[in-house]
Amino acid sequence: MKSSIIKAAGVASILTLTVGGLTACSSDSTSGSGSAEGDGKVKEVEVWTWAAGYDEAAKAFNASHDDIQIKYTQIEPGNKGGYDKVRNSITAGNAPCLAQVGYETLPSFVAEGNVVDVTEFASADKGLYAPAGWAGVTVGDKVYGAPQDQGPMVLFYNKTVFEANGVAVPTTWDEYQAAGEQLKAAGVKLTGTYEDYDYSGFAWQAGAPWYEIKDGAWSITPDSPENLDVADYWQGLIDADLIGAGIWSDEWSAGLGDGSIATIVGAAWFSGILKDSAAASAGDWAVAELPQWEAGDAKTGNVGGSLSAVLKGCDDPEAAWTVANWLSTDPGSVDALIEGGGVYPASLAGLESDLLTSGDDYFGGQVVADVFKTASGQVNEDWAWGPGVSTLVGTLATGMKQAYAKEGGATVATALTGAREATESELKQQGIAVNE
Amino acid sequence: MTTSLTSAAPPPVETKRTAATPPRRPRSRTSRYAIWFVGPFVVLFVGMYVAPILFALYKSLFRIQRDALGLGGTQEIFDPLFNYAYALGDEKFISSIGRVLLFGVVQVPVMLVLALGIALLIDSASARAKGFFRLSSFAPYAVPTVVSALMWSFLYSPTNGPVNQVLEVFGISINFLSQDLALWAVANVVTWGWTGYNMIIIYAALQGVPGEVLEAAKLDGASPWRTAWSIKIPLVRPAILLTTIFSIIGSAQLYNEPFVLKQSTGAIDASYTPIMAAQASLQSANYPYAAAQSVLLAVGVAVLSVLFFRLTSRRSS
């Protein structure tokens with residue numbers, strides 16, 4: 001008798017627990033009132049972002065506007081659950097009008113039909129933004145939101161460690177590897193690992209695309225011949241034992257702080273990460289332009305950067321655009337975002353901010369924003385993301401971790417191939433045409 | 001046994017009263033009262049469990065269809081078997097199921113033997129400081145799994161981790177999160193977290209073992225070991241079965257621990273366990289496929305559990 005009760009309870013709980021687990025994920029958005037509510041009175045535009053500083057910017061907007069008011073909510077960063085929350089809220093029909101979306105993820109949102117085309121309101125303001133930013137918000141020939149920030153790539157290096165070991169600042173990738181060999185002799189790792197988007201920046205700089213449209217279908221090309229050249233270079237650094245702890249790990253932060261990891265090759269926004277992760281080494285670090293494949297070139301890549309995207313279900317896209325455009329271009333708003341989240345703005349007005357012309361104490365007084373500004377003008381323009389990015393980059397990260405750990409014959413090249421295969425099968429599953 | 005006897009005893013006073021009044025009214029009044037008592041549960045149960053399950057089942061019958069370039073929005077087309085057929089041919093999903101099966105076959109017995117052992121030790125007549133041991137072995141369960149996984153990922157760390165720093169003295173270095181060991185590293189975290197929980201359930205059942213039975217065993221000269229094996233364990237069998245079924249379900253839902261450890265190793269990928277695989281489908285915005293994966297997992301666990309009950313009840317009868 002007892003066991004039959006247990007049996008019934010068991011079966012019931014199995015069903016509820018396992019299937020309930022799925023649906024619980026899709027019903028966790030709490031904020032009820034969705035989008036702009038316009039009936040002649042004050043319109044409310046709901047905004048969800050993860051970058052710090054938006055709360056201040058939203059307050060400033062509300063103080064200076066009577067007709068539109070922002071209702072602001074901070075969410076988790078996109079890949080840490082923020083995108084899930086946004087997607088779930090769209091599915092549930094209570095999405096905000098605006099949400100922060102990474103440039104790399106926008107094509108996926110477009111593919112899912114989760115964003116609204118605002119070209120008709122936005123196109124007049126195109127001139128307010130840096131070209132890289134405008135390219136980020138454009139998919140096909142349609143615009144889906146306002147560029148917020150960008151991530152032109154530069155070289156962060158520990159000047160104190162470089163000088164102590166007589167290492168010159170590298171200007172080409174060959175010199176970068178040579179610097180690594182010098183540092184290795186002193187027991188210092190050249191850099192940490194680059195596993196997902198951080199790695200994509202190298203391909204971006206090299207002009208080796210991952211997504212191309214050919215004959216009305218997608219070609220997924222992270223392991224194209226040009227990409228394998230880049231992969232060979234990084235494999236060389238791995239084989240020579242020049243690469244240290246995994247990016248974002250505690251060891252990585254510790255290494256940046258104690259001088260045992262000497263460089264970061266990454267987007268401008270790494271300046272903020274560096275200040276947080278390696279506060280101890282303030283004054284040691286400096287910024288230089290990205291090493292080049294050919295001496296004398298001046299090309300760089302971009303990692304990250306995001307827009308305020310107008311989401312499906314927004315009943316006043318025009319008001320949403322007004323808010324998004326103001327948040328990106330108003331000097332006070334941009335300053336709040338620079339101070340709060342260390343963002344590197346995508347609007348031309350933002351790039352003129354006073355906060356970006358003064359020397360930075362963390363970098364020994366260097367005006368790092370000058371280096372960033374130069375880099376932002378040198379970002380390679382022929383790069384486009386496509387659908388299925390999260391699978392591509394997620395699979396790549398797993399493979400790259402194996403390659404850095406030198407496990408089971410994994411290399412950078414096999415990681416890239418694995419990422420391509422996973423992406424192709426996902427796109428095909430959803431009926432998207434793929435060139436093989 | 002005793003409980004079922006008392007609850008089955010008829011309430012004689014009640015029947016006399018109903019005989020005096022018209023037969024129908026009280027029954028309908030009782031059922032009206034019953035609605036008030038059962039209603040809240042039913043509403044919540046249907047709203048929070050049954051409806052979402054039905055919705056997931058319904059969703060799983062659709063196929064995501066995008067246009068050739070996938071930039072024109074999404075259509076969901078009714079194609080009942082598509083997602084299920086795809087899941088059964090999805091190498092990653094199938095191997096994630098194989099992985100948790102292997103995990104369960106090894107981890108569940110290890111954990112339950114540990115839990116039973118600790119429960120018997122604390123329950124034994126000669127145990128000292130029972131409260132302390134009960135609390136300290138239960139304490140890991142109070143740590144949220146995400147936190148414990150983060151803690152273990154630090155302990156496992158090949159360079160900074162204290163375990164490897166100690167091993168280094170002997171010239172040994174173990175990469176706990178390598179391809180070969182990662183699953184067992186996860187199993188260790190789960191065992192650490194859940195042994196105490198299962199121990200408490202079994203321990204509570206041990207408290208229900210009648211004192212006279214134990215006394216009789218003692219009088220007959222049974223050793224403590226013999227008492228545990230032949231009296232206590234058979235009497236707490238229902239509790240052991242219950243913890244087993246909970247553990248089987250828990251293994252099938254393995255998520256937090258591998259998800260956190262994934263940050264530190266390439267040996268754990270985005271579809272390492274079935275729930276992680278379903279979550280990965282959500283991330284690529286393929287809700288119907290995620291629903292189908294969840295349904296398959298639920299059916300699999302239900303079948304396993306029923307089989308388990310069949311097996312164990314046949315042996316007992």
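Visitor: Does A:S390 count as buried or exposed?
Guide: This is a predicted model, in which local features need pLDDT of at least 70, side-chain atom pairs count only at pLDDT 80 or more, and totals for chains, interfaces and linings use all residues. Residues are numbered from 1 along each chain as its sequence is written, while chains are lettered from A and ligands numbered from 1 in the order in which they are written. A residue is buried if 20 or more other C-beta atoms, placed from the backbone, lie within 10 Å of its own, exposed if 12 or fewer do, and partly exposed in between. Because A:S390 has 22 C-beta neighbours inside 10 Å, A:S390 counts as buried.

Visitor: Leaving aside its neighbours within four places in sequence, which residues is A:S390 in contact with?
Guide: A:S390 belongs to helix α17 of chain A; helices (H or I, at least four residues) and strands (E, at least two) are DSSP runs numbered from the N terminus. Contact requires that the C-beta atoms of two residues, placed from the backbone, lie within 7 Å. Beyond those sequence neighbours, the contacts of A:S390 are A:T105, A:S108, B:Q283 and B:S284.

Visitor: Which helix gives the largest share of the side of chain B that touches chain A?
Guide: The contact between the chains involves 53 residues of chain B and 56 residues of chain A. On the side of chain B, at least two residues each come from α3 (24-59), β1 (62-66), α12, α14 (274-283) and α15 (287-316). The largest share, 13 residues, comes from α15(B).

Visitor: How many charged residues has the side of chain B that touches chain A?
Guide: Ala, Val, Leu, Ile, Met, Phe, Trp, Tyr, Cys and Pro count as nonpolar, Asp, Glu, Lys and Arg as charged, and the others, Gly among them, as polar. By these classes, this side of chain B has 31 nonpolar and 20 polar residues, and the number of charged residues is 2.

Visitor: At what angle do helix α5 and helix α12 of chain B pack?
Guide: The residues of α5(B) that meet α12(B) include B:F103, B:Q107 and B:M111, and among their partners are B:I240, B:T244 and B:I248. By class, this contact has 10 nonpolar, 6 polar and no charged residues. Axes are lines fitted to C-alpha atoms, for helices over the stretch in contact, and angles between N-to-C directions run from 0 to 180 degrees. The axes of α5 (residues 91-123) and α12 (residues 237-252) are 9 Å apart, and the angle is about 145°.

Visitor: What is the radius of gyration of chain A?
Guide: The C-alpha trace of chain A spans about 65 × 65 × 50 Å along its principal axes, and 54% of its 436 residues are buried. The radius of gyration is taken over C-alpha atoms, and the globule rule is 2.2 Å times the number of residues to the power 0.38. For 436 residues a compact globule would have a value near 22 Å, which agrees with that of chain A, 23 Å.

Visitor: What is the positive phi of A:D215?
Guide: Most residues other than glycine have a negative phi. A:D215 occupies the loop between β9 (211-214) and β10 (217-220) of chain A, and A:D215 is exposed, with 8 other C-beta atoms within 10 Å. Although A:D215 is not a glycine, its phi is positive, at about 50°.
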